[in-house]
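Okay, thanks for coming, everyone.

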Amino acid sequence: MGAISQIKRHPLAAQTAELLLARIRDGEWPLGHRIPGETTLAVQLGVGRSTLREAIRELAGRGVLDSRQGAGVFVTALDVTDDWDSVLRHATIVSVIEARIAIEAEAAALAAHRRTPADLRAIRRALTAREAHGEPVAEHVDTDMAFHRTVIVAAHNDVLTPLFDNFLPRLRAAMIAMLEIRPVPSEAADHMAHEQLADAIAARDPAAAARYSRTHLTALKESLT
């Protein structure tokens with residue numbers, strides 16, 4: 001069924017937002033990547049550009065897309081779960097980091113056990129992409145989140161990946177807020193911590209992977225307390 005025939009009822013913008021969200025969920029545009037331009041998407045979806053803009057604004061408000069002046073619209077989460085919104089909206093940055101430790105340290109250990117060669121290639125690519133080169137905070141957070149998601153995916157756990165994806169909009173907002181208040185003391189040291197995590201996963205060392213994940217995130221938490 002084509003996109004045009006899928007859009008039958010008003011409001012068009014809400015339906016267009018759901019179609020875009022479905023394509024994001026299906027993996028058409030990976031985390032941190034730019035979606036096609038307005039003209040292209042409007043033609044694909046059979047809607048006007050004003051309707052498309054409204055749909056993008058809706059998804060931006062739900063934490064899925066981020067419109068950056070002069071750069072385009074980028075994927076910042078792969079799904080939304082309304083049940084989480086009221087909880088996460090009120091979470092402090094420290095609480096968010098504590099939740100990351102709980103999720104990501106275990107995921108890192110599982111990834112060291114279960115990662116495939118394809119997982120390792122994805123982790124290495126994402127590691128290279130996240131290295132800081134003076135980008136705006138939001139852009140660096142997106143590449144960092146994409147790296148951490150490759151570790152979660154490599155854990156091959158059907159609960160952890162959707163949990164992380166549902167958590168991602170609030171996580172992204174918290175990390176941007178944190179780094180704008182208190183940048184990491186050394187970007188080189190921060191990147192090395194991520195390299196150590198990737199190396200432990202490559203070496204199939206679950207204890208080291210969990211330790212590097214926990215140490216890195218605990219240091220972030222302690223910088224705020």
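Let's start with A13, which sits in helix 2. Helices here are DSSP runs of H or I with at least four residues, strands are runs of E with at least two, and both are numbered from the N terminus. This is a predicted model, where local features need pLDDT of at least 70 and side-chain atom pairs count only at pLDDT 80 or more, while totals for chains, interfaces and linings use all residues. Residues are numbered from 1 along each chain as its sequence is written, and side-chain values use heavy atoms, with hydrogens and water left out.

So, is A13 buried or exposed? A13 is buried, at a relative accessible area of 6%. Buried means under 20% relative accessible area, exposed means over 50%, and partly exposed is in between, with a 1.4 Å probe and protein chains only. Who does A13 touch, leaving aside neighbours within four places in sequence? The partners are T51, E54, A55 and E58, where contact means heavy atoms within 4.5 Å. There's also R57, 44 residues from A13 along the chain, with 9.6 Å between the two C-alpha atoms.

Staying with helix 2, which covers residues 12-25, look across to helix 3, residues 38-45. The axes of helix 2 and helix 3 come within 12 Å and cross at roughly 105 degrees. That makes helix 2 roughly perpendicular to helix 3. On the cut-offs: under 35 degrees is roughly parallel, over 145 roughly antiparallel, 65 to 115 roughly perpendicular, and the rest oblique. The axes are lines fitted to C-alpha atoms, for helices over the stretch in contact, and the angles run from 0 to 180 degrees between N-to-C directions.

Which residues make that meeting? From helix 2 it's T16, L19, L20 and R23, and from helix 3 it's L41, Q44 and L45. By type, the contact of helix 2 with helix 3 has 4 nonpolar, 2 polar and 1 charged. Nonpolar here is Ala, Val, Leu, Ile, Met, Phe, Trp, Tyr, Cys and Pro; charged is Asp, Glu, Lys and Arg; the others, Gly among them, are polar.

Zooming out now. The chain comes to 11 helices and 2 strands, and along the sequence the pattern reads α-α-α-α-β-β-α-α-α-α-α-α-α. Of its 225 residues, 46% count as buried. And if you take contacts between residues at least 6 apart in sequence, 73% of them join residues at least 24 apart.

How far do we trust it? The average pLDDT, the predictor's confidence in each residue from 0 to 100, is 86 for the chain, and 90% of the residues score at least 70.

On to helix 8, residues 137-154. Its 18 residues should span 26 Å at 1.5 Å a residue, and the end C-alpha atoms are 26 Å apart, so that agrees; the expected span is 1.5 Å times one less than the number of residues. Of those 18 residues, 13 are buried, so helix 8 is largely enclosed by the rest of the structure. D142 is in helix 8, and at 5% relative accessibility D142 counts as buried. Not counting residues up to four places away in sequence, D142 touches R68, T76 and R172.

After helix 8 comes H156, in the loop between helix 8 and helix 9. H156 has a positive phi of about 50 degrees although it isn't a glycine, and at 42% relative accessibility it's partly exposed. R204, in the loop between helix 10 and helix 11, has a positive phi too, near 55 degrees, and isn't a glycine either.

Last stop, helix 11. Which of its residues are buried? They are P206, A208, A209, A210, S213, H216, L217 and L220. Those buried residues pack against helix 6, helix 8, helix 9 and helix 10.

That's my tour, so over to you.
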